[in-house]
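Reader: Please take one part of this model and go through it closely, in one connected account.

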Amino acid sequence: MHFFLIALILIVAAQGYFILAKRFNIIDRPNERSSHTKPTIRGGGILFVVSTLLFFFFSEFQYPYFVLGLLLVALISFVDDLYTLGSKIRLAVQFIAISLVFFQLGIFAEPLWMVPPLLVFCVGLLNIYNFMDGINGITGLCSMATIIGFLMLNGEAELVPSSLLLYTLMALAIFGFYNFRKKALFFAGDVGSISIAVIIIFLGLHFGLALRAPIIILLVGVYLVDGTMTIGSRLRKRENIFKPHRSHLYQRLVQRTGLSHLQVSMAYAGLQFLLALLVFLMYQMPMQQQFLALFGTILLLGLLHFVLILKLNRQEYPDNLSTNSGQAPRAYGGKPE
């Protein structure tokens with residue numbers, strides 16, 4: 001009965017936001033760089049914030065600093081969905097939000113040398129998650145695979161209340177009703193991609209530190225490899241990574257192969273789920289074996305990414321973005337143009 005009530009609240013919130021967004025014209029309009037062909041409501045990922053607030057209320061206000069950090073970054077991201085904000089403002093709030101997550105988890109009590117690089121890594125991952133939100137289904141489906149991975153781990157370790165994971169999974173599923181379509185009814189927006197990233201970073205740090213399991217990084221392995229490989233490639237070509245682009249592997253798969261957005265998103269999510277299974281099987285193994293599996297898997301994913309990009313670049317198929325629908329590709333640290 002409890003979870004039915006939560007699901008009902010999330011459904012009402014989703015439909016309410018859909019109606020309000022249409023009324024107040026919170027719309028992502030297509031342009032020459034877009035992956036969609038009709039104006040579409042953005043900001044539907046606010047559901048992920050609602051689900052966390054529901055957990056906060058029903059858990060008698062557990063993890064207050066994490067929730068505060070999430071609210072701060074969600075607010076600035078939602079404003080950024082409405083008006084283009086400067087990158088300095090966004091980054092400053094992101095660093096504050098991740099610092100609050102660190103404070104919640106007691107990371108500032110860890111050796112001082114590890115805090116600054118971990119902070120930079122987490123903010124970088126936060127933005128990679130945002131950059132990857134470019135086609136229908138990819139944020140929702142990949143995040144569902146990641147949360148299921150945390151659910152499997154939590155079934156063994158019981159590190160967080162299962163309701164936090166289940167509420168988030170329900171929010172992702174309800175969001176999917178509006179987004180997992182050929183022509184999405186709404187997009188996650190910055191507020192959605194950034195918010196789910198903060199939730200996943202909180203969970204990843206909590207589980208990784210408590211279990212002393214570095215292999216947990218693979219729960220975001222697909223995003224991490226695609227994002228870093230794309231950044232590296234653009235830097236190597238001396239391209240401005242702050243400019244909008246269509247260089248991600250998932251974008252090229254849609255452009256060059258004729259695969260739909262949802263087909264590519266499901267392939268990414270399927271691979272992420274396989275990585276979650278690997279994490280579950282190996283998280284209790286000796287540290288040395290975990291590091292070997294971690295770096296070996298990242299190397300294989302990087303090689304696969306390189307080979308696919310090379311193969312797609314050699315093809316001379318015209319872009320078919322006009323036949324698909326999805327969110328506009330994002331600029332690194334900026335908004336779609």
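Author: A residue counts as buried under 20% relative accessible area, as exposed over 50% and as partly exposed in between (1.4 Å probe, protein chains only). Phe-202 is buried, at a relative accessible area of 0%. The model is predicted, so local features need pLDDT of at least 70 and side-chain atom pairs pLDDT 80 or more, while totals for chains, interfaces and linings use all residues. Numbering runs from 1 along each chain as its sequence is written, and side-chain values use heavy atoms, without hydrogens and water.

Helix 4 (residues 87-105) and helix 8 (residues 189-211) have axes that come within 10 Å and cross at roughly 30° (helices are DSSP runs of H or I, at least four residues, numbered from the N terminus; axes are fitted to C-alpha atoms over the stretch in contact, with angles from 0 to 180 degrees between N-to-C directions). Helix 4 is therefore roughly parallel to helix 8 (under 35 degrees). From helix 4, the contact (heavy atoms within 4.5 Å) takes in Gln-94, Ile-98, Val-101, Phe-102, Gln-104 and Leu-105. Helix 8 contributes Ile-194, Val-198, Ile-201, Phe-202, Leu-205 and His-206.

Phe-202 also forms an aromatic pair with Tyr-63 (ring centres within 6.5 Å). Their centres are 5.1 Å apart and their planes 65° apart, which is edge-to-face (over 60 degrees). Tyr-63 lies in the loop between helix 2 (46-58) and helix 3 (64-82) and Phe-202 in helix 8, so the pair ties together parts 139 residues apart in sequence. Tyr-63 is buried too, with a relative accessible area of 11%. The structure holds 23 aromatic pairs.

How values were computed. Helix = DSSP H or I, 4+ residues; strand = E, 2+ residues; numbered from the N terminus. Parallel < 35°, antiparallel > 145°, perpendicular 65-115°, else oblique. Phe/Tyr/Trp six-rings, centres within 6.5 Å; stacked < 30°, edge-to-face > 60°.
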